[in-house]
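Dear colleague,

I am handing over the structure we spoke about, so that you can look at it alongside my notes. Please open it first and then read on.

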Amino acid sequence: MFIIILILVLTGNIKVFDNTIYTFIISFRCNSLDNFFKAITIFGNIFPVILIVIIIFFKLTKSDKILLIENTLLTVVINQLIKYIIKRPRPDHLRLIRQGGYSFPSGHSMISVALYGFLIYIINRNIKDKKLRLFFNIFFIFLIISIGISRIYLGVHYPSDVLGGYFLSIIILIFNIKFYNKYFRGN
C-alpha cells in the first residue's frame, strides 16, 4: 500500500482523494475539536515521544530495549530521508498550527505507529489479563488514529501523507519485530 500511495503522490494522481478527505475533515472544525486535536498531536511530537521512550525504556528487557530504540530511530531516519527525496510541500492554507519541513510521509503518523504500535506488541506479549490487554490495545489504536487525523485536521498534512506514514511505519515495525524475535529471542 505504501508503494501505491507513493506512486500516486509522485504522479499527482491522488489530489482528488486528498482534497476530498482534507475538506471533509476540516469541515468539522470548532473550538472544542481544535483544542482536542492540538492536544492529541503533541503525543507525536519529538519531546513527548522521547520522554515516553525514556519512561518505558527502564521497564523493558534488554532485547526489547534494543527493539524500541532501533525501531524508533530507524523510523525517524527513514521518514526524514523520504521527505527530503520526495520534497512534497505541506498544504498551504487553513493551517491551525505552524509546521515546517516537507509533508510526505507524515512523521507524526510514522512515529505514532513506531512507538504506540511497539507498546501494543509489548502489551500483547506480556499482559495476560484479556480485558486489560483489550483496553490498552483500543487506547493505543485510538491514539495512533487520532494523531493521524489531527495532522489533517490541523492543516499540516494531506490524508495520503498520513496513510503513507502509517503503512511505511507498519512495515518497519513488523520487520523489526520479526528480526528481533528470530535473532534475539530465537522465536
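Below is what was found in this model, which is a predicted one.

The largest nonpolar core has 34 residues, and those with the most contacts inside it are Leu68, Leu115, Tyr116, Phe118 and Phe140. Helices H2 (15–26), H3 (31–41), H4, H5 (62–86), H6 (107–126), H7 (130–153) and H8 (159–183) each supply at least two residues of this core, with the largest share, 11 residues, coming from H6. Apart from this core lies another one, of 11 residues, which includes Phe2, Leu6, Leu168 and Ile172.

Phenylalanine 140 deserves a careful look. With a relative accessible area of 10%, phenylalanine 140 is buried, and, leaving aside residues up to four places away in sequence, it touches Tyr116, Leu119, Ile120 and Ile123. A search of the whole structure finds 15 aromatic pairs; in one of them, the rings of phenylalanine 136 and phenylalanine 140 have their centres 6.3 Å apart and their planes at 20°, so this pair is stacked. These two residues are four apart in helix H7 and therefore separated by about one helical turn, and phenylalanine 136 is partly exposed, at 26% relative accessible area. Phenylalanine 139, by contrast, pairs edge-to-face with phenylalanine 140, at 5.2 Å centre to centre and 70° between the planes. Tyr116, Phe135, Phe136, Phe139 and Phe140 form one aromatic cluster.

Best regards

Terms used: Residues numbered from 1 in each chain as written. Predicted model: local features only at pLDDT ≥ 70, side-chain atom pairs only at ≥ 80, totals over all residues. Heavy atoms only, no water. Core = buried A, V, L, I, M, F, W, Y, C linked by side-chain atoms within 4.5 Å. Buried < 20%, exposed > 50% of the residue type's maximum accessible area, 1.4 Å probe, protein only. Contact = heavy atoms within 4.5 Å. Phe/Tyr/Trp six-rings, centres within 6.5 Å; stacked < 30°, edge-to-face > 60°.
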